[in-house]
Amino acid sequence: MAFCSKCGKELTDDAGFCSGCGAAVGVSEQKKDNQRKVSFDGEVHKCPNCGEILKGFESVCSACGFEIRGTKTAESVQEFVKKLEALDGEKGGSAWLAHQAFGEGQLSPIEEKKVNLIKNFPIPNTKEDIREFMILASTNLDPVLYESQTKTAKIALMGAWKVKMNQAYQKAKMSFGDGADFRSVHKIYDEKILKPKRKKMTLIGLAIAVPVIVAGVVLALVLL
């Protein structure tokens with residue numbers, strides 16, 4: 001429905017002039033009502049469990065905690081593994097070639113790429129993906145994997161994995177709560193991060209304690 005801009009009289013759809021005041025009717029007035037449309041850009045995503053509207057890239061419903069599988073984060077770990085495997089397959093990526101071209105204190109270009117790839121990997125959001133990443137990281141913290149590489153490469157690669165594993169663990173700690181899901185992640189973390197630390201501290205303690213004990217025994221024998 002359109003109206004004359006001069007006198008306000010209702011206009012017919014094909015009117016060229018207002019029947020009330022005779023003013024010429026512009027195209028804008030004829031089409032005015034048709035132009036008042038609501039435009040939607042993109043899709044509205046709702047939680048399949050409770051119907052809550054989800055924010056962009058949200059993988060866990062903020063209302064009911066339902067995990068939204070099928071999001072991009074669900075495939076992030078698999079894509080990450082493929083990138084690592086692609087680097088291993090690049091020419092010059094083998095440990096032997098790296099040793100021939102670079103000294104003990106240097107990383108090969110492939111090793112540098114792997115370290116950066118690990119460091120820059122964004123920790124996923126869902127429980128399943130975090131667990132999957134923790135398992136992946138734990139397998140890559142096996143020193144046997146780096147026996148053929150330089151000490152520098154071993155320290156750099158294992159260090160990068162430890163940093164990301166710590167990040168994943170902290171995210172799980174904040175997101176999972178104290179349930180079975182978190183306990184499964186904690187078990188992996190304890191085996192690969194906490195237990196080696198405890199073992200190291202024990203060895204340091206023994207290294208300090210044994211000389212002190214020996215010195216005490218020797219002193220006691222001298223004083224007898």
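View 1. Helix α6, which covers residues 151-176, has 26 residues and reaches 36 Å from its first C-alpha to its last, close to the 38 Å expected at 1.5 Å a residue; the expected span is 1.5 Å times one less than the number of residues. Helices here are DSSP runs (H or I, at least four residues), numbered from the N terminus. This is a predicted model, in which local features need pLDDT of at least 70, side-chain atom pairs count only at pLDDT 80 or more, and totals for chains, interfaces and linings use all residues. Residues are numbered from 1 along each chain as its sequence is written, and side-chain values use heavy atoms, without hydrogens and water. Among the buried residues of α6 are Leu157, Trp161, Lys164 and Phe176, where buried means under 20% relative accessible area (1.4 Å probe, protein chains only). Just after α6, glycine 177 takes a positive phi of about 80 degrees.

**View 2. The largest pocket.** The volume of the largest pocket is about 440 Å³. Its lining has 14 residues, of which Leu141, Met158, Lys162, Lys192 and Pro196 are the closest to its centre. Two or more lining residues come from each of α6 and α7, and α7 gives the largest share, six residues.

**View 3. Valine 212 on helix α7.** Valine 212 is found in helix α7, residues 180-223. Why does valine 212 count as exposed? Valine 212 counts as exposed because its relative accessibility is 56%, and exposed means over 50%.

Conventions. 1 Å grid on protein atoms, 1.4 Å probe; cavity = no way out; pocket = protein on both sides within 12 Å on 5 of 7 lines; lining within 4 Å. Points joined across faces, edges and corners; volume = space filled by probe spheres on them.
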